[in-house]
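Colleague: I am new to this structure and would like a close look at a single part of it. Please take me through the charged pairs slowly, one after another.

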Amino acid sequence: MNNYETLMRRCFELAKQGEGRVSPNPLVGCVVLDKDGNIVSEGYHHKYGENHAERDALLKLHNGEEKGGTLVVNLEPCSHFGKTPPCTDLIIERGLSRVVFAMSDVNPKVNGVQKLKSAGIEVISGVLEEDARKLNEVFIKNMTEQKTFVALKTATTLDGKIATSGGSSKWITSQKARDEVKIIRNRYDAILTSTSTVIADNPTMAHRKKILLDRNLRCDFDAPFFKEGEIFVFCSGKSGVSDNITFIDTPVFNNRLDIEFVLEKAFQLGINSILVEAGGHLNGSFLAFADKIYHFIAPKITNDNTSLSAFDGFSITDINESKPFRFDSVNDFSPDLLLTYYPMDNK
Ligand code: AOF
Ligand code: ZN
């Protein structure tokens, strides 16, 4: 038996197949039922500029199976001409009698509900709305605040340490957790790190777009990190483009690059989401701007008091003054765990 929640979960699954390719658009999946409630087609938004999920699903049908049927989709169907014509027009043309969606489109250009209703189509909204909003949290922040979404990723021991004083931080977590990091990275338009991390770990950090904060241009630009991807180096005193590297002269604030400037510039450059993967100092500075945190925990204890904590650079002695977070989920990447949480004061 297919109920709307089960079908909506399927829409989420389909939508996620577009991860890493649809930005700045939302992730959208769609399931089409015939008038007897059988699934006759599925689709999703594959890539920015290409067909929306509804069109992808409906164009697979050639014999009118969808006539009098139901279309289930995780976002209110669009009613505007963008890169593609309105989904509502195709839904009306194909004779569907009901549309079920999870969340309204926060894009002010869209009013699909009204268009569908005035064509006599029954509209049911709000099915798994909260999950749908989480799936498209980046799109929601971009559209409503005109700002880049910032996620932080860290990996610590049970006692919250990111490295021993000897500097060995690269292998805190297991291979399984590190494989998951690659999946997480793919969700974000760019990854961001600091020159200290590049010098200490010499990572490649494979990604389409990489942001490096390197105030004094201390990095060795022959390092593997610079060998692939489009790279944006925020620094003090240099600007211009050299091969795949764009240097951006950045104001300095309290001896540090101005993070607000970095984030504003990133949004102007079309980088709608960032995953920060750095050490304790940068994580501490980014905490005030973070929308979400991915925290891997390895079942290890070092008790090394000289090593950094995951979020360094500040210290709160009164527990009532501590920074509040809301746990979202715990995932098992045995032997490690992934805790996902959201700052309370940013939301
Ligand atoms: C849908 N289904 O699969 C998506 C929607 O420039 P365009 O044509 O790609 O339009 C982008 C806008 O359309 C985007 O901001 C959002 O409001 C909506 N995205 N809508 O019905 C989809 N991706
Ligand atoms: Zn559309």
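Is lysine 134 buried, partly exposed or exposed?

Modeller: This is a predicted model, and within it lysine 134 counts as partly exposed, because its relative accessibility is 33%, a value that lies between the 20% under which a residue is buried and the 50% over which it is exposed. The side chain of lysine 134 meets that of aspartate 328 in a salt bridge, with 2.8 Å from N to O. This pair links distant parts of the chain, since lysine 134 belongs to helix H5 (residues 129-135) and aspartate 328 to strand E16 (residues 325-333), 194 residues apart. Aspartate 328, at 26% relative accessibility, is likewise counted as partly exposed.

As a general point, side chains that carry opposite charge can pair when their charged atoms come close. The structure holds 12 salt bridges, and another of them joins arginine 10 to glutamate 42, whose closest N and O atoms are 2.7 Å apart. Because arginine 10 lies in helix H1 (residues 4-16) and glutamate 42 in strand E2 (residues 39-44), this pair ties together parts that are 32 residues apart in sequence. Arginine 10 is partly exposed, with a relative accessible area of 27%, and glutamate 42, at 23% relative accessibility, counts as partly exposed too.

Lysine 292 is found in strand E15 (residues 292-298) and glutamate 137 in helix H6, so the pair ties together parts that are 155 residues apart in sequence. Both lysine 292 and glutamate 137 are buried, whereas lysine 134, with which we began, is partly exposed.

Among the residues that come nearest to ligand 1 are Glu54, Lys83 and Asp105. A polar side-chain atom of aspartate 105 lies 2.5 Å from an oxygen atom of ligand 1, while for lysine 83 a backbone N or O atom lies 2.8 Å from an oxygen atom of the ligand. The protein covers 95% of the 520 Å² of accessible area that ligand 1 has on its own, and helix H2 (53-58) and helix H6 (137-145) are the elements that give two or more residues to the shell.

How values were computed
Residues are numbered from 1 along each chain as its sequence is written. Chains are lettered from A and ligands numbered from 1 in the order in which they are written. This is a predicted model: local features need pLDDT of at least 70, side-chain atom pairs count only at pLDDT 80 or more; totals for chains, interfaces and linings use all residues. Side-chain values use heavy atoms; hydrogens and water are left out. A residue is near a molecule or strand if one of its heavy atoms lies within 4 Å of it. A polar contact is a pair of N or O atoms within 3.5 Å; within protein, one must be able to donate a hydrogen and the other to accept it, and residues adjacent in sequence count only if both atoms are side-chain atoms. Accessible areas come from the Shrake-Rupley method with a 1.4 Å probe; for residues, only the protein chains shown count as cover. Helices (H or I, at least four residues) and strands (E, at least two) are DSSP runs, numbered from the N terminus. A salt bridge is a side-chain nitrogen of Lys or Arg within 4 Å of a carboxyl oxygen of Asp or Glu. Buried means under 20% relative accessible area, exposed over 50%, partly exposed in between (1.4 Å probe, protein chains only).
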